[in-house]
Amino acid sequence: MVRANKLKIIPLGGLGEVGKNMTVVEYKDDIIIIDCGLTFPDQDMLGVDIVIPDITYLKENQEKIRGIFLTHGHEDHIGAVPYVLKEIYTNIYCSKLTKGLLENKFKEHGLNSNRIKMVNVNNSVKLGELSCEFIRVSHSIPDSCAIAVKSPIGTVLFTGDFKMDFTPIDHEVTDIQRLAELGKKGILCLFSDSTNVERPGFTMSESNVGKTFEHLFSEAKSRIIVATFASNLHRVQQVIYAAERYKRKVALSGRSMVNNVKIAKELGYLKIGKNTLIDLNSIDKYAEDEIVILSTGTQGEPLSALTRMANGEHKKVHLTSSDMVILSASAIPGNEMSISDVINNLTEKGVNVIYSSLADVHVSGHACQEEIKLMHQLTTPKFFIPGHGEPRQLYKHAEIARDMGMPSENIIIAENGSVIELTKKSARIAGKVTAGNVLVDGSGIGDVGNIVLKDRKHLSEDGLIVVSITFETKSQKLVAGPDIVSRGFIYVKERQDIIEGAKKVVLRTLKKCEKNNIHAWSQIKYQIRESLKSYVYNETQRDPMILPIISEMDHE
């Protein structure tokens, strides 16, 4: 009996979480990858800059990889590309704007941008036995696409991030007709965005925000500072339209804002009047009611432009009570406290702060329930995998699919690393591959693990005690120390009694080691740590990290 060939779908990121989107599609000896994103560290990941997917499976199957296909240019879909390309060699396939944003990243990472191949919407790329068609969808960044992966087993549609905005500001609506055509031909499996699945109804059109901006700009008597995601280019365009209507100049603040606006303008995705943009250094040359500052910092990031303004630390912009600050974004889960701190700091300065609770200054780029139902109805898939969401969102999306008549056995709720096997008649989870987080700290990729994070957390909460002692090499007698240094634990000058007590504990421990014939440095360090740990906790009810350092010296 001949075994039927199977199509494998293996999510390496984006399931059970928001961000870090990456999915492998494998048929026989061909692998293509849909998206290659990052996410940002949570509060326990001290010192970590970004988090990318674990690509162990891809490194193990390097010879099968035919290309990486990107749905759009947001960081949670393209941010890991430079890091992944340092580990595996392949080409990138994406739309024009996504290519422009990636080229800037490649320059920073010293990568060859010839590996980025532009694909026009409605065009297909065939690699091995897999073919990928790019289909227009609406989102909060231009050139967003769904990708239909066609194989001998059937077609799998990856929606990417989408919504059904029928009045987008760039007039590029989701290609409902093409989705319906694919649905009529037969879609084997739908892998769909679940971000807003808990919200009923439809997502508001981006054009609604433009109306709010125009109303706010018409009433403002002084400077306007608008903070938004640098990658939300539709929002950036609306700010520029409103500024131009009310004869205001626009200055950019924040490195990512400057870079993205430059790239989008050069590629024709932003329409900006010849004299609209001015340098941030030039804002003092204009009256305050002639200025709009377009800034990063919607998530309360400590070093972002808006946070520095709120804290009075920005070199160019010093806020006053006459300024209006518009926070045009929603909170990424986990950032609520940071955003609240920024709003409070701005309010205490007397600034007029406008945010989504007060006015329609933000709409989502993701589909709500009725749009999600429309996607299912258009594509009529045989099987369904909820993607792009936390567990509660994946389960809610599965519930909607069931309500629309899909059998429960045809819905696969997977997790990162699940190997989903598809035939023309069946779908099942057939195993697991390595998946998880790789932490990037500065230029180091993957060299920060759970033990390092645990140590950092320990240090941040309870501080450090360093115990330094020196032995004579031949006699192994103590010749210096113990010297004790404290960092982040106690203020030494006020608690000299604890330091002196700690020295006595170390000396007693060394005598005990000598009496018990313990001479190995590792064992002596262990004994010092344990005895000092007990003493310090009894005195302070704190548990600092204890680091014994033993040196040797020769006496001539």
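Predicted model: local features only at pLDDT ≥ 70, side-chain atom pairs only at ≥ 80, totals over all residues.
View 1. Because its relative accessibility is 12%, and buried means under 20%, Ile 343 counts as buried. Leu 306 stands 37 residues apart from Ile 343 along the chain, and the C-alpha atoms of these two residues are separated by 10.0 Å.

**View 2. The buried face of helix H6.** Within helix H6 (residues 206-219), the buried residues are Glu 206, Val 209, Gly 210, Thr 212, Phe 213, Leu 216 and Phe 217. When the helix is seen down its axis, these buried residues fall within an arc of 165°, so they line one face of H6. In general, an α-helix has 3.6 residues a turn, so residues three or four places apart point the same way.

**View 3. The packing of helix H6 against helix H7.** The axes of H6 and H7 are 9 Å apart, and the two helices pack at an angle of about 35°, with H6 passing H7 in a right-handed crossing. On the H6 side, the contact is made by Glu 206, Ser 207, Val 209, Gly 210, Phe 213, Glu 214 and Phe 217, which meet His 234, Arg 235, Gln 238, Val 239, Ala 242, Ala 243 and Arg 245 of H7. By residue type, this contact of H6 with H7 divides into six nonpolar, four polar and four charged residues.

**View 4. Lys 20, a loop residue with a positive phi.** Lys 20 is found in the loop between strand S1 (7-13) and strand S2 (22-27), where its phi is positive, at about 60°, although Lys 20 is not a glycine. With a relative accessible area of 1%, Lys 20 is buried.

**View 5. His 388, in the loop between strand S19 and helix H12.** The loop that holds His 388 runs between strand S19 (383-387) and helix H12 (391-403). His 388 has a positive phi of about 50°, although this residue is not a glycine, and, at 11% relative accessibility, His 388 counts as buried.

Note on methods: Residues numbered from 1 in each chain as written. Heavy atoms only, no water. Buried < 20%, exposed > 50% of the residue type's maximum accessible area, 1.4 Å probe, protein only. Helix = DSSP H or I, 4+ residues; strand = E, 2+ residues; numbered from the N terminus. Arc of directions from axis to C-beta. Axes fitted to C-alpha atoms, helices over the stretch in contact; angles between N-to-C directions. Left-handed = near helix turned anticlockwise from the far one by under 90°. Contact = heavy atoms within 4.5 Å. Nonpolar A, V, L, I, M, F, W, Y, C, P; charged D, E, K, R; others polar.
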